[in-house]
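Dear colleague,

Please keep the view open while you read.

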Amino acid sequence: MSWLDRKTLWLNGLLLIGLIVTMLLSLAVGKVSVAPSAWLGDDLSALIIMELRVPRTILGAAIGAALGMAGATMQGYLRNPLADPGVFGVSASSALGAVTSLYFGFAMTAWLLPVFALIGAGIGMALLTLLAGRSGSLILFTLAGVILSSLAGSLTSLMISLAPTPFATTEIVTWLMGALTDRSWDDVKLAVPIIAIGMLFLIATGRSLDALTLGEDAARSMGVNILHLQWFAVIGVGLTVGASVAAAGIIGFVGLIVPHLVRPFAGHRPSAVLLPSALAGALLLVGADSAVRILPSVSELRLGIAMSLLGAPFFMALLFKMRRELN
Amino acid sequence: MSLAFENTSLTLRNRKILDDVSGLFKRGRVTVILGANGAGKSSLLSCLAGLRQPQTGRITVDDRSIHEMEGKERGRLIGLLPQRPDIHWNIDVKTVVGLGRLPHSGRWGMNAADHEAVAKAMEATDCTGLAERKVLRLSGGELGRVLLGRVLAGEPQWLLADEPLASLDPAHQFDVLDKLKNYAAAGNGVVIVLHDLTQAARCADDIMIMKDGAILAAGSRDEVIVPDIMAQAYGVEVQISTSDNGEPLVVPVRRLR
């Protein structure tokens, strides 16, 4: 009955092995080839591994895990397989925070952009709970998320259109596309602990999400506190998604796709999907980030764009599968 | 050994749903709540299950207010079978029944007693053979049994069922009512909201009839299921007779204007 189910243990084990292998591959690939024997040395090539690829890989895994688990939680909470972490509007408000720092040129100081993004996420979470009120109603909550998303999205567009210099416009637009390029240990130190705390909140929602499978009345009659569940979901998604956007910009579709991919193997019980979604999200993002590094393009393909490109054919396949079932 | 509500009033959107109602249910008995649509039956059941907090009044189990209990404790005492099956993910039957143990089990899952209770509930509702089936692929009758199994798995002292016969064929209606009667006979309290007057007369030890948010009549079957009260409650004329096997038949024959 817990989030770590015996039945899904093998799946989690396989995904973990896959993730470790993908992370090692991610350390090996890039424009410069470094032999594994030289990874721990003192020369420049070891520096590429330890100061660039290791933090980038860790960050990719953490963000993938965060987005995957946040997506699985959102789908369980809203009882909708097409929900994603963006529904809460937290990623949009976090992006607005980051864009504000770029707009005013604060991003010259490295740590200010992620801090602004986290402040944006915090304000977004606070507004969301204020707007939704204390009823725990799903419809009010979804509507509050849509309002927040739309407001933060339009303010971001306003900032782009009013940007003081063409350079700032380019900087904002490029940042919004999401990437893990040139991330350092500072980004890891900032994002990973916040993501870890957020994931603890998300895991704690598991059993309540299971109860919600039978509808709100049945869940409440079994002692599930719907308002507490909402708080845990908001805090968990806020921390994980906020820290992810702060470190890498907006990377869409991971939270939407990954729970779909693991459900056939993990079963449909919401709590059983949480951990495999985190592991598969990490695997997918680290894999995709490795792929964008080795694609033969003039400049590196932005990770956010790569994930969006994956999203369309994935949902196309899902659509055709559902159409076949309907016929 | 009772579930009681005193001077309970509930107003929703400026409309009085329950108007200063009081009543008492006893353990070991099946009480059926009857009444026309909108009479307040489901709202009363929601209040009894602790899902709604009435504006005034007190709801108690053995003199303890249910609103002073922690959610899980209340869940262990009072089990609710809601009106509409509302299942969102295609999980297997065993998992659905297992969810009924949520008010009992700790954070890290089910223990041996939980597994035993689930097996017992599945056996009582003839779901053992369905254990691995996906819940959204079940027929209406199978689903009704599984959802009842989920409530029984929680071993509540009070079982509240809101129209458990809706969308069931007659054979499955008898099955579900027999299971509820057995549960009451084992010393638990069972409160059922029903629309079928004959089934109500057949299974109830006590009957409570509601009208416009108030209790119109309450008492034993023979005291309450009489043409006059039925006419007041539903605005219909009923014919009351006895079948060949001695079971009551309550048949609405025409609408009274």
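**A sheet in chain B**

In this model, which is predicted, B:T60 stands opposite B:S65, a residue of strand β5(B). The strand joined to β5(B) here is β4 of chain B, residues 56-61, and the two run antiparallel, with two bridges between them. Both strands belong to an open sheet of four strands in chain B, whose order is β2-β1-β4-β5 and whose pairing is antiparallel. Because β2 (15-26) and β5 (64-65) of chain B stand at the edges and each have a single partner strand, one side of each is left without a neighbour in the sheet.

**Chain B as a whole**

If you step back from the sheet, the secondary structure of chain B comes to nine helices and twelve strands. The radius of gyration of chain B is 18 Å, close to the 18 Å that the globule rule gives for 257 residues, and chain B is therefore as compact as a globular protein of that length. Its C-alpha trace spans about 55 × 45 × 35 Å along the principal axes, and 45% of the 257 residues of chain B count as buried. When one takes the contacts in chain B between residues at least 6 apart in sequence, 65% of them join residues at least 24 apart.

**Where the chains touch**

**A helix in chain A**

Helix α7 of chain A, residues 185-204, has 20 residues, which at 1.5 Å a residue should span 28 Å, and its end C-alpha atoms are 29 Å apart, which agrees. Among the buried residues of α7(A) are A:L190, A:I194, A:I195, A:G198 and A:L202, and A:D187 is also one of them. The buried residues of α7(A) pack against α2 (44-78), α4 (112-132), α8, α10 (226-248) and α12 (270-294) of chain A.

Definitions and conventions. Residues are numbered from 1 along each chain as its sequence is written. Chains are lettered from A and ligands numbered from 1 in the order in which they are written. This is a predicted model: local features need pLDDT of at least 70, side-chain atom pairs count only at pLDDT 80 or more; totals for chains, interfaces and linings use all residues. The radius of gyration is taken over C-alpha atoms; the globule rule is 2.2 Å times the number of residues to the power 0.38. A residue is buried if 20 or more other C-beta atoms lie within 10 Å of its own, exposed if 12 or fewer, and partly exposed in between; C-beta atoms are placed from the backbone. Two residues are in contact if their C-beta atoms, placed from the backbone, lie within 7 Å. Two strands pair if DSSP finds at least two bridges between them. The expected span of a helix is 1.5 Å times one less than its number of residues.
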